[in-house]
Amino acid sequence: MNGALLTADHVSKVFYTPGEDVSAVRDASCTVPPAARIALLGPSGSGKSTLLQLLGGLDIPTSGTVTWPAFGPDVRPRNLAFVFQNQTLIPALSVLENVELPLQLQGASNSDARERARAALQRLGLRALSDKLPEELSGGQAQRVAFARALVGEPRLILADEPTGQLDHHTANEFFDAVLPWIEERGSAIVLATHDRTVGERMSERWTMRFGVLEVPG
Amino acid sequence: MIAFVWLRGILSSLSGRLLGAIAGVALTIALLAALGAFTASSAASMTKQAIANVSVDWQLLVNHGADIAAVKKAVATATPFTAMQQVEYASVPGFELQSRGTTQTTGAGKVVGVGASYQYDYPREFRALVGKPAGVLLAQQTAANLHARVGDRVTIKRDALPPVQARIDGIVDFPDADAFFQAVGLPPGSAPQAPPDNILILPETLWHQFFDAQTAVRPDSMRTQLHIRISHDLPGDPLAAYKVVDGRAKNVEARIAGSGIIGDDLAAKLLGTQADALYARVLFLFLGVPGIVLAILLTIGVTTSGRTRRDREQALLRIRGASSSTLLALSSIEALVVAIGGSVFGAAAFLFLHPHPVRGDLQWLFAAIVAGVFLALGAVLVPALMQMRSRTVRTSRNAIGRATAPLWERLYPDVLLLGIAALTYWLTAASGYQVVLAPEGVPQSAVHYQAFLGPVLFWLGAALLSMRVYRLLLVHGRPVVVAASKPLAGALAPALASALSRQWSLMTRALVLVLLAFSFGTATAVFNATYNAQALVDAQLTNGADVTISAQGSASPMQVLRRLRAIPGVLAAEPLIHRFAYVGNDLQDLYAINPPTIWNATPMSDAFFGNADAKGSLAALAAHLDGVLVSEETVTNYQLQQGDRLQLRLQVLPSHRYVAIPFTFIGISREFPTAPHDSFLITNASYVARMTQNPGAEYVLINVAPGNIERVATEARKFVANLPGAHVTTILEAQLAIGSTMTSIDLRGLTALELTFAVIFIAAATGLMFALGLAERRRAFAILTAIGAKPSQLGAFLWTEALAIAVPGAVLGIALGIGIAQMLVRVLTGVFDPPPEHLVYPWNYLALLIVAAIVATAVAVAAARTMVLASVTTELRRL
Ligand SMILES: Nc1ncnc2c1ncn2[C@@H]1O[C@H](COP(=O)(O)OP(=O)(O)OP(=O)(O)O)[C@@H](O)[C@H]1O
Ligand SMILES: [Mg+2]
């Protein structure tokens with residue numbers, strides 16, 4: 001498809017474990033166009049995280065291919081950012097330093113990185129946490145900082161794996177009130193795995209996973 | 001084995017830790033056993049050598065009127081023995097010889113009577129120079145005084161009796177005259193008696209014929225001794241051997257109650273050796289113990305690595321229902337595996353080093369294994385127990401976090417230790433003390449153990465101070481860290497600096513191990529190199545050159561000089577004239593050289609000369625044909641001024657008379673190759689040869705290309721075979737035979753061992769500790785990769801972190817090592833003779849240490865990179 005940010009073509013992933021072989025993703029095909037807002041729904045263990053990791057290039061499919069036609073060779077962190085299901089702030093770095101990291105990986109200067117990271121935290125209402133260490137944050141705070149870290153480089157595609165899993169309903173919605181306009185402004189696309197129906201409702205498209213099978217409507 | 005450990009460490013942090021601990025315990029066991037065995041065997045070989053060097057074990061002085069047969073019987077019952085010779089001594093007023101129209105007389109002397117088999121039992125007591133080694137033998141010095149030759153009839157003056165005459169059968173040399181003529185029974189500490197100037201040896205029967213009558217009139221001038229060699233089946237430890245020998249001597253004295261007294265040379269020699277053995281122990285402590293400490297620290301470093309991660313794992317196990325006792329049982333199994341594995345590998349390594357262990361070796365191995373098992377239990381179980389307690393009370397301190405200064409820093413132990421170190425060092429080094437005290441007549445030498453305090457406290461204090469400074473740098477010196485890591489880490493430098501500052505506790509721990517490993521390797525290597533250089537100087541001084549040819553009398557090795565020079569491998573061969581000269585009434589050794597060429601044959605150290613300038617002194621000698629360099633003592637005795645004229649009396653060839661020859665005093669000599677340590681003279685060869693009308697040189701000094709000494713010596717022996725009395729000696733023999741305390745200890749085994757271990761320690765400290773420390777931060781690197789770090793950026797991050805430990809560790813460690821080597825040389829200065837002028841740096845070995853560190857770091861970084869890249873998703877799935 002023309003202009004697609006991401007295309008997955010008959011992608012499967014099998015985990016070979018001592019007891020049994022787990023087919024976490026079976027023959028999934030999909031495309032993500034620019035500015036898409038996709039919710040990835042499905043019960044626990046259905047393969048959402050595995051699929052997102054394949055789509056983000058963090059893991060290699062057992063068969064099939066994932067391509068990012070619009071990005072060229074430069075995928076992460078410039079064009080694609082990932083928000084993880086677990087706590088993934090680097091423990092030795094403060095909140096601000098964690099958020100600066102993707103910019104520094106792209107070679108941004110010290111002051112530039114600092115300024116943009118501050119702005120990102122400000123925008124998501126996390127400014128007060130700037131100097132805290134990850135171990136000093138609540139689970140929900142850490143997840144929001146991780147989201148800020150994904151957004152700071154203003155990538156064109158964000159893959160988020162239950163980014164608000166540890167937030168209550170209300171806070172999660174409030175957080176998305178801050179996040180979504182920013183994504184929209186930038187024209188970025190987002191694929192967001194979630195159990196939260198209301199969060200899912202805020203997306204324009206809903207994909208579902210069941211036993212490793214991806215169902216893309218339409 | 002280390003490589004194997006790494007390989008496994010890459011695969012899994014847990015089993016890497018286990019194998020690392022096994023390797024640490026194995027290293028500790030192997031090092032401890034090897035060092036112990038070294039000390040024991042060096043003591044045994046010193047004892048053996050000492051016993052072999054004593055020619056007469058016991059000289060039993062039999063009192064006048066005692067029943068000699070009864071005394072002999074008492075000895076035989078008290079000790080097994082292999083030789084017992086009766087020796088008679090008579091003091092005489094002098095000797096006289098009339099020959100070739102002149103009459104020569106001497107002062108007082110001694111006439112000795114020995115049995116025909118004496119030479120057989122004690123072949124080294126006197127050595128035939130001219131004529132037969134049996135019959136009537138005249139000592140060389142006496143022969144020179146009397147101008148005597150074989151066949152001449154010498155007149156022996158007797159006390160209160162008419163003189164008698166004997167025909168000379170041979171002229172002999174008395175290498176061990178001091179002992180042979182010692183005054184048995186003098187209280188310890190009294191001044192040693194000089195051997196008599198004039199000596200004549202007679203066969204037993206002839207002696208009795210001449211002197212039995214003198215016994216009647218002047219019994220005080222007569223002595224009877226028994227020269228006894230006891231059985232040498234003695235313990236290997238010198239002190240134990242001393243106790244056996246001394247016990248037997250006391251037993252004999254008790255049995256013969258008042259009939260005689262024993263001069264126990266063997267026991268005295270063993271006592272001296274005990275001091276040497278203590279030096280070996282001192283070296284063991286100085287050089288070995290830090291290595292063992294390091295091995296233990298490395299083991300603990302391994303077992304306590306990855307602690308935060310294991311906290312989490314234990315917490316998970318608890319959640320799944322594991323009880324404290326289950327966890328303890330798991331840890332106990334781990335400790336057991338480490339103990340058994342460490343013992344097996346440690347024993348294997350030791351047996352590899354000692355393929356044919358003797359009983360003492362195995363005893364040490366056993367002791368080392370016991371220590372290793374304790375180390376294994378301690379290093380594995382103690383952290384596990386602490387972990388459990390801290391889990392239950394929730395006080396576990398994170399390895400990564402905000403910078404709060406550790407408690408010890410606020411107590412300033414580093415400053416305290418350095419202060420005490422400086423004080424003790426100053427007290428010991430300034431007071432010119434001896435590390436090993438061997439007081440005269442006291443049966444036990446003592447090691448001045450306080451002397452260790454300086455270097456040891458310095459080592460600890462400097463290590464702690466380095467930790468403090470390093471932590472301060474990481475935590476407060478951010479701009480420095482950023483600037484230093486910029487070349488490698490680029491834009492990531494600020495993030496890296498922050499990360500390093502928050503994991504200072506991991507970093508300082510790793511740093512101190514690298515630093516200690518480097519300081520250990522450097523101190524050992526520098527000390528060893530300095531020591532070897534000094535031993536070489538010592539050997540060179542004793543032997544004169546790589547190969548030395550000496551001859552006496554008319555046979556001068558000059559005759560074969562040209563042929564010697566033609567031997568392949570000979571770089572230079574220089575004659576050295578050695579005569580005796582009277583300075584006033586004082587007979588001194590005189591060495592005559594050709595100043596410009598002597599350098600080619602043997603090194604001329606600045607320390608040889610009073611003005612500490614070898615070049616200048618030799619140039620001055622070359623400029624003054626009649627110049628002479630004399631000892632400091634002579635300068636003070638004779639109130640000499642530069643340029644003073646001196647009359648020295650030398651023997652002139654045709655007449656053999658001592659004739660006064662004028663010399664000019666131009667400087668002071670302190671040491672010279674082949675020269676004794678006391679007074680001697682150095683002059684120009686051409687002048688002495690001309691003035692004495694004797695161009696013969698008594699020595700030829702040969703400088704040999706490395707590795708050719710044995711071969712050149714063999715060739716040279718062929719050439720001088722028909723020069724009477726000629727000897728070829730090599731520096732290698734001198735090195736073995738040198739009796740001076742320190743240099744007699746063969747350090748090679750010890751240092752080869754330690755230098756090997758030092759390389760392993762450094763590889764382990766830099767590589768293994770980094771790889772294991774990574775367990776704490778693997779997740780951080782996985783995250784870094786997941787958010788988009790390229791493999792090259794990850795590599796830069798890892799390299800910077802590894803170098804942030806390795807570079808300061810190596811630099812500080814090498815500096816500390818040099819400091820410690822300096823202290824060691826200083827502290828042991830009393831045992832070097834002469835003391836070294838400066839430290840010798842074994843650059844190749846130091847380079848090897850650095851290469852080992854670089855290779856280990858590179859392997860560890862590569863392994864870490866591969867491991868992180870391969871496990872990003874698994875790592876992120878972990879909670
Ligand atoms: N590295 C792995 N090794 C073995 N099995 C795995 C691995 N990763 C995932 N799986 C298995 O693949 C399946 C899908 O897991 P995945 O984490 O993708 O589910 P999920 O939909 O994200 O679940 P949740 O909503 O609980 O996060 C599961 O059965 C899981 O056990
Ligand atoms: Mg998931």
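Guide: Start with A:E185 and A:R123, which form a salt bridge whose closest N and O atoms are 2.6 Å apart. A:E185 lies in helix α5 (residues 169-186) of chain A and A:R123 in helix α3 (residues 110-123) of chain A, so this pair ties together parts that are 62 residues apart in sequence. Keep in mind that this is a predicted model. How covered are the two partners? A:E185 counts as exposed because its relative accessibility is 58%, while A:R123, at 35%, counts as partly exposed.

As background, side chains of opposite charge can pair when their charged atoms come close.

Over in chain B, have a look at B:D626 and B:R645, whose side chains meet in a salt bridge at 2.7 Å, N to O. B:D626 sits in the loop between α21 (614-623) and β19 (627-630) of chain B, and B:R645 is in strand β20 (residues 645-651) of chain B, so the pair ties together parts 19 residues apart in sequence. Here B:D626 counts as buried, with 16% relative accessibility, and B:R645 counts as exposed, with 54%.

Next comes B:E801, which forms a salt bridge with B:R777, the closest N and O atoms being 2.2 Å apart. This one links distant parts of the chain, 24 residues apart: B:E801 is in helix α27 (residues 791-827) of chain B and B:R777 is in helix α26 (residues 747-786) of chain B. B:E801 and B:R777 are both buried. Elsewhere in chain B, salt bridges that share partners join B:D159, B:R218 and B:D220 into one network.

Now for where the chains meet. Across the interface of chain B and chain A the rule finds one salt bridge. The side chains of A:E97 and B:R502 meet in a salt bridge at 2.9 Å, N to O. As for the interface itself, 29 residues of chain B are in contact with 29 residues of chain A. The area buried between the two chains is about 2,400 Å², and carbon and sulfur atoms give 59% of that. On the chain B side, B:R402, B:I787 and B:T873 lose the most area to chain A, together 23% of what that side buries.

The magnesium ion (ligand 2) has A:S49 (OG) and A:Q85 (OE1) as its protein donors, lying 1.9 to 2.3 Å from the ion. A:S49 lies in helix α1 (residues 48-55) of chain A and A:Q85 in the loop between β5 (80-83) and α2 (95-105) of chain A, so the pair ties together parts 36 residues apart in sequence. A:S49 is buried, with a relative accessible area of 18%, whereas A:Q85 counts as partly exposed at 34%.

B:L270, in helix α9 (residues 265-303) of chain B, is buried, with a relative accessible area of 0%. Setting aside residues up to four places away in sequence, B:L270 touches B:T47, B:I51, B:P238, B:A241, B:Y242 and B:V245. On the surface, B:L317, B:L330, B:I333 and B:V337 form a nonpolar patch with about 320 Å² of accessible area together. Helix α11 (residues 324-353) of chain B gives the largest share of that patch, three residues.

Note on methods:
Residues numbered from 1 in each chain as written. Chains lettered and ligands numbered in written order. Predicted model: local features only at pLDDT ≥ 70, side-chain atom pairs only at ≥ 80, totals over all residues. Heavy atoms only, no water. Helix = DSSP H or I, 4+ residues; strand = E, 2+ residues; numbered from the N terminus. Buried < 20%, exposed > 50% of the residue type's maximum accessible area, 1.4 Å probe, protein only. Contact = heavy atoms within 4.5 Å. Donors = N, O, S within 2.8 Å, 3.2 Å for Na, K, Ca; no water. Patch = residues over 30% accessible without salt bridge, like charges linked within 9 Å, V, L, I, M, F, W, Y side chains within 5 Å. Areas by Shrake-Rupley, 256 points an atom, 1.4 Å probe, with all protein chains shown as cover. Salt bridge = Lys/Arg side-chain N within 4 Å of Asp/Glu carboxyl O. Buried area = accessible area lost by both parts, 1.4 Å probe.
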